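Please look over the sequence and the structure shown here before reading on. The notes after them are grouped by topic.

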Amino acid sequence: MKELLQDLVRKGLEKCYAAGVLTSGEIPPIVIEKPAHAEHGDFATNAAMLLARAEKKAPRAIAETLIKHLEADALCAGVEVAGPGFINFRVMDEAWRRTLLAIATAGPDYGRSTTGSGRKVQVEFVSANPTGPLHIGHGRGAAIGDTICRLLAATGWDVTREFYYNDAGAQIANLALSVQARCLGIEPDDPRWPADGYQGDYIKDVARSYLARETVNADDQHVTAAGDPQDLDAIRHFAVAYLRREQDEDLRAFDVRFDVYFLESSLYADGSVDAVVRRLVENGHTYEQDEALWLRTTTFGDDKDRVMRKADGGYTYFVPDVAYHQNKWERGFARVINEQGADHHSTITRVRAGLQALAEGIPEGWPEYVLHQMVTVMRGGEEVKISKRAGSYVTLRDLIDEVGRDVTRFFFVMRKPDSQLVFDIDLAKQQSLDNPVYYVQYAHARICSIFENAAEKGGVVPSAEEVNLDRLAAPEEMAIVKTLAAFPEVVEGSAASLEPHRITYYLQELAGEFHSFYNKSRVITEDAELTAARLFLLACVARTLNNALGLLGITAPEKM
RNA sequence: GCGCCUGUAGCUCAGCUGGAGAGAGCAACGGCCUUCUAAGCCGUGGGUCAGGGGUUCGAAUCCCUUCAGGCGUGCCA
């Protein structure tokens, strides 16, 4: 619809220039937007204001000239100049109603597009190290990352979901020592307990399982325990597999899945890390100081240089990070998006600097990042403090068990990633109007209930051929139709900006308009034609609610 | 100190690639169920868009600056 109006305005301008009533010959980018207030019509353009300078005329005068040269078409019911020089368009109700037919035809595909034209995009998210259960911060990352994947897939991208983890670094060594200590019956308050060991009770479970020589199967790891408390290497392998399996179970419960699990250790094993270091040295971006090898990241905008190889000979985490991203680049993704907690934001400059220093033609702003701010958890009016080492924190699993998957997912994506999120567990558990998830799901359930009711009275949702859409003319009905029509661009915008929260706002708006309509009008009446038209409208609402909820990985219940 | 994020109604937050009297939900107050789910609807009140400068025909939105909060500033990830 916007495209049609753009064409209309462009042709109008061309006619003005041909007729000599406008002289600058400029065609500005023609922006068609939705006015903030409904009285201003359905769409508006600021084209006349943009031309004011070049034409040296008042915007309103230009607008008046322009609308005289607009061709009459089947779309517009009215065009007028308003405010400082906007041109407002009112679209015929019939044109709006036709979108209902499009929805019925598209069905589950309504809202999808081919913008991505099958290009490959990789989204890395969660990427939790296997040192413990997933916590609430990982939960936010999982919800945002998964929704971004769904949005990109819906807009025609070929999405690869990837989970990267460190299975060999200092934290993992620490994990192995902690499990070993538990195997030997050493408690955290014992002087023999490892410094900075993981104190959580789950470590005891790992130790017990290891001693019992159990076999664990994670999505990407299959290990049988050796059972020997002295074999630190075996303990490490087992602990990693065990905790990965726990994470996999949590992610499954959250309905989040991955295509690729990428191990940091593989970058050492296949020589990528060494190759990266060699390349950086060759390119002259490194120097030795204090027995360490440094990368001059300041050349690429970092505020200080970074150590690559420590005095003890080991590499710092950022070297495999660079190797990993070089690997992503070589896999040929048109885009790579990293979803992470904002507490890791300092890695962005370093990774990009490292990639620039490789001088392999990787663009400066590559890869893209979506950072989510911290989550604070409220329970009983008090903040729950998170302390991983001490093992006291709210896990993702706790949340899913307590408030349900749908509510958890919705709450996590409800705010834009840049905003800190207060997760009030008591509020999330309420099945009340405070809870937007129920509000939206209730709209869907209500519609299903109406269908059931209609069926009992012999009514069915009519097909597109038999329905008379002209019967839908009430303001509440037209409001719904217009909101439904906006869905594809909401999806498009949400995907383009990597902002899942837009879908949650859209859902609340659509659900609100439906509830409003419901309270004002009866669907099933003696008037068979009107009943049929309204059932058709509601089928489109239910379809769109379902599709939108699907983008968030949330169910659309038929009964509540 | 420096970098990133945030500051909008009593509360939680949208709006931020510049556009028309600044929005939603909750809370407060007042209404609506013999009829398809009241987990709902309708109405009322509520604002120096943190403060100050600047750019612009036009700024919550862009730039500078001050203040406040969060995160980071590891040879941890």
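**Salt bridges and RNA contacts**

Asp219 has a relative accessible area of 41%, so this residue counts as partly exposed. The model is predicted. The count of salt bridges comes to 36, and RNA strand B has 60 residues around it.

**Salt bridges between separate parts**

- Asp219 forms a salt bridge with Arg252, with 3.4 Å from N to O.
- Arg252 lies in helix α8 (residues 232-253) and Asp219 in the loop between β7 (215-217) and β8 (222-224), so the pair ties together parts that are 33 residues apart in sequence.
- Helix α8 also holds Asp250, which is linked to Arg397 in helix α13 (residues 396-403), 147 residues apart.
- The N to O distance in the salt bridge of Arg397 and Asp250 is 3.3 Å.
- Asp250 is buried because its relative accessible area is 7%, whereas Arg397, at 28%, is partly exposed.

**A salt bridge within one helix**

- Asp205 and Arg208 are three residues apart in helix α7 (residues 202-211), about one turn of the helix.
- Their closest N and O atoms are 3.1 Å apart.
- Asp205 is partly exposed at 33% relative accessibility, and Arg208 is exposed at 53%.

**Surface near RNA strand B**

- By class, this surface has 23 nonpolar, 22 polar and 15 charged residues.
- Helix α16 gives the most to the surface, with eight residues.
- A polar side-chain atom of Tyr505 lies 2.4 Å from a sugar or linking oxygen of RNA strand B.

Definitions and conventions
Residues numbered from 1 in each chain as written. Chains lettered and ligands numbered in written order. Predicted model: local features only at pLDDT ≥ 70, side-chain atom pairs only at ≥ 80, totals over all residues. Heavy atoms only, no water. Near = heavy atom within 4 Å. Polar contact = N/O pair within 3.5 Å; in protein donor to acceptor, adjacent residues only side chain to side chain. Helix = DSSP H or I, 4+ residues; strand = E, 2+ residues; numbered from the N terminus. Nonpolar A, V, L, I, M, F, W, Y, C, P; charged D, E, K, R; others polar. Salt bridge = Lys/Arg side-chain N within 4 Å of Asp/Glu carboxyl O. Buried < 20%, exposed > 50% of the residue type's maximum accessible area, 1.4 Å probe, protein only.
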